[in-house]
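Please consult the sequence and the 3D view while reading the points below.

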Amino acid sequence: PECEEIVKTIQELILKDKNNENPVSIGVISPFRAQVDLIKKAIYKVFDTETILKHKLDCGTAHTYQGDERDIMLLSWTFAPNSHPQSLMFAQKPNLFNVAISRARHKLINFVSREVNELPNGLLRDYLEYVQKTNRTIQKDTFKNDFEKVVFDKIKEEFPSLDKENKIKAGVFMGSVSADIIVDKTVIEIDGVIDNQQSKYNDMKKQAIIERCGFNVMRI
């Protein structure tokens, strides 16, 4: 079932992607080689070679993606009510776990076949409970000065299609810094106005952090 859902999700992601110059890259991870082989077979059955190359579509274990990233990663935990307890222990090896959940530049989508509250205590349960809690928390746009709000409102007015897709946000944290305004894959930093919240980083250090997160930076 996770394999079927992953293929369906990949199709939806590709249909939503309108960026022909820089198409979204998509990867799939599973801790288990049998699941990797199953998903890989499904990908090559459903998608043509051109689509696979265009979106850098691939599936592998955490070892496969060591040192590699994709814009969007899909993670098939392959842990169901009938799974052997040893499989969960393998999936929670700290080094592999860390690699698996940190390969996405922009979005990680988890696929789980068991209720989170039924999982034994451990890394996977802690992580998924955190994800559920985060997903329930609606991100409210926040502003560090009044001018940011003026620019933000004007951008939403000028780009209603991006606004409808929820691609215009303000005050989103990237690591330890708060990006002023995000428009799709670009962060707009507002200069020349004193913030009501002072950052511990100077402008250039903040920009370097944002760029490492995969965003372009525009300053006004």
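In which sense do β5 and strand β6 pair, and over how many bridges? In this predicted model, β5 and β6 (residues 177-183) are paired in the antiparallel sense, over 6 bridges. The points below set this pair in its sheet and then turn to the helices and the surface.

**The sheet**
- The two strands belong to an open sheet of 4 strands, ordered β5-β6-β7-β8, in which the pairing is mixed.
- β5 (168-174) and β8 (216-219) each have a single partner strand and stand at the edges, so one side of each is left without a neighbour in the sheet.
- On average, neighbouring strands of this sheet are turned by 40° against each other, direction ignored.
- At the level of residues, K169 has I182 in β6 as its bridge partner.
- In general, the strands of a sheet pair through backbone hydrogen bonds, either parallel or antiparallel.

**Helices on the sheet**
- Helix α7 (residues 146-158) lies across β5, β6 and β7 (186-189), and runs at about 30° to β6.
- Helix α9 (residues 203-212) also packs on the sheet, where α9 touches β5, β6, β7 and β8.
- The direction of α9 makes about 65° with that of β6.

How values were computed. Residues are numbered from 1 along each chain as its sequence is written. This is a predicted model: local features need pLDDT of at least 70, side-chain atom pairs count only at pLDDT 80 or more; totals for chains, interfaces and linings use all residues. Side-chain values use heavy atoms; hydrogens and water are left out. Two strands pair if DSSP finds at least two bridges between them. Axes are lines fitted to C-alpha atoms, for helices over the stretch in contact, and angles run from 0 to 180 degrees between N-to-C directions. Contact means heavy atoms within 4.5 Å.
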